[in-house]
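Here is a short report on one protein model. Keep the sequence and the 3D view at hand while you read.

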Amino acid sequence: MTGSVYKSTGSWYTVKTELGHTYQCRIKGKFRIKGIKSTNPIAVGDVVDFELETDNNQESGIIYNIHDRKNYIVRKSVNLSKQTHIIAANIDQVFLMITINNPPTLTSFIDRFLVTAEAYSVKTVLLFNKIDTYDQETLDDVRYLAHVYRKIGYECIGVSAKTGKNIEKVKALMENKVSLFAGHSGVGKSTLVNAIEPGLNIKTKEISTLHMQGQHTTTFAEMFDLSFGARIIDTPGIKGFGVVDMDKEEVGDYFPEFFALKQDCKFNNCLHLNEPKCAIKKALDEGEIEYSRYRSYLQIIEGEEENYRTDIWDKE
């Protein structure tokens, strides 16, 4: 039998067949996927083959094969720096949810996520949430940030789960696609998903005022079928986003505005640091490339963890 993984709890997987039948499945033995040292060999969105077995009158499945993935989103594991965690597989697009405050989403986090999505050929749409709660100064920050990413080529949409602003626009983008919703804890993913499909009743929690961070409500990634012909994958809130297995020479290729100019650099292997006649450094000096984007690039190639103390608003 063949089906798609809708939920993973670490040891058991909920698998749904094309006929709509759902089975609880386990992995047969130890799974090794070539080239991936992952904490989770099977991810939500994977297409798997399984066979049924009956134990104590309980029917369950044994997964013995994973189909090739068209793409996936991966990040470094929180505690196991040499291992990776596959967030989801076989997705058509990601909605990365961003809030300016309560909690703040920093550009270093946005850029690392976008670099990973570019590397694995996943389209990303930026959703600026909670815009009904912002004062004029914060709305100006949203417009500026949206301008930065639109100029690069990313679609940016201001949304409000509470007022319903642009919910229909997001739904139109989701039709007949598998969409992943991601972002920090507390950015309002679950509230937005419930606004898109009220019947789902995904749990939500208030922001922790002590640390200005969201409480983790989604423990495991889970896929849902929606009433308007779409599927979504709801993910746990992500605190940090480590970029995985990328050579320094290729990082710039996943910054679209860098990639567009790289042929104008004097050296083919230019890292855009101190090399002479670097087109990226020239564009940076002329204001064509945003300083925040270049700083994110430097952090990634220098192997730094995300810098939570500085951001686009700190003009150095």
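In the hairpin of β2 and β3, 4 residues lie between the strands, and Gly-20 takes a positive phi near 95 degrees. Strands here are DSSP runs of E with at least two residues, helices are runs of H or I with at least four residues, and both are numbered from the N terminus. β2 and strand β3 (residues 22–27) run antiparallel and are joined by 4 bridges. Two strands count as paired if DSSP finds at least two bridges between them. Across this pairing, Thr-14 stands opposite Gln-24 in β3.

Strand β1 (residues 2–8) runs antiparallel to β2, with 5 bridges between them. Here Lys-7 stands opposite Thr-14 in β2. β1 and β2 also form a hairpin, with 4 residues between them. Gly-10 in that turn has a positive phi of about 100 degrees. How many residues of strand β2 (residues 13–17) are buried? The count is 4 of the 5, so β2 is largely enclosed by the rest of the structure. Buried means under 20% relative accessible area, exposed means over 50%, and partly exposed is in between (1.4 Å probe, protein chains only).

**The model as a whole**

This is a predicted model: local features need pLDDT of at least 70, side-chain atom pairs count only at pLDDT 80 or more, and totals for chains, interfaces and linings use all residues. Residues are numbered from 1 along each chain as its sequence is written, and side-chain values use heavy atoms, with hydrogens and water left out.

pLDDT is the predictor's confidence in each residue, from 0 to 100. The protein averages a pLDDT of 83, and 81% of the residues score at least 70. Over residues 204–219 the pLDDT is below 50; this stretch still has 36 contacts in the model beyond near neighbours in sequence. Residues 306–316 also have a pLDDT below 50, with 34 such contacts. Contact means heavy atoms within 4.5 Å.

The secondary structure comes to 8 helices and 15 strands. Of the 316 residues, 52% are buried. Among contacts with a separation of 6 or more, 64% are between residues 24 or more positions apart.

Helix α1 (residues 107–119) has 13 residues. From its first C-alpha to its last, α1 reaches 18 Å, close to the 18 Å expected at 1.5 Å a residue. The expected span is 1.5 Å times one less than the number of residues. α1 is mostly covered, with 11 of its 13 residues buried. Among them are Phe-109, Ile-110, Asp-111 and Phe-113. After α1 comes Ser-121, whose phi is positive, near 60 degrees.

A search of the whole structure finds 12 salt bridges. A salt bridge is a side-chain nitrogen of Lys or Arg within 4 Å of a carboxyl oxygen of Asp or Glu. The table lists three of them.

| Salt bridge | N to O distance |
|---|---|
| Asp-46 and Arg-69 | 2.7 Å |
| Arg-293 and Asp-111 | 2.9 Å |
| Asp-140 and Arg-143 | 3.3 Å |

Arg-293 and Asp-111 form a salt bridge. This pair links distant parts of the chain: Arg-293 in helix α8 (residues 291–301) and Asp-111 in helix α1, 182 residues apart. Both Arg-293 and Asp-111 are buried. Asp-111, Glu-257 and Arg-293 are linked in a network of salt bridges.

Asp-46 forms a salt bridge with Arg-69. Asp-46 lies in the loop between β3 and β4 (47–55) and Arg-69 in the loop between β5 (58–66) and β6 (72–76), so the pair ties together parts 23 residues apart in sequence. Asp-46 is buried, at 0% relative accessible area. Arg-69 also counts as buried, at 17%.

**Helix α2**

Asp-140 and Arg-143 both lie in helix α2, 3 residues apart, about one turn of the helix. An α-helix has 3.6 residues a turn, so residues three or four places apart point the same way. Is each residue of this pair buried or exposed? Asp-140 is partly exposed at 40% relative accessible area, and Arg-143 is exposed at 51%.

At 10% relative accessibility, Thr-138 counts as buried. Thr-138 touches Ile-100 and Asn-101, not counting residues up to four places away in sequence.
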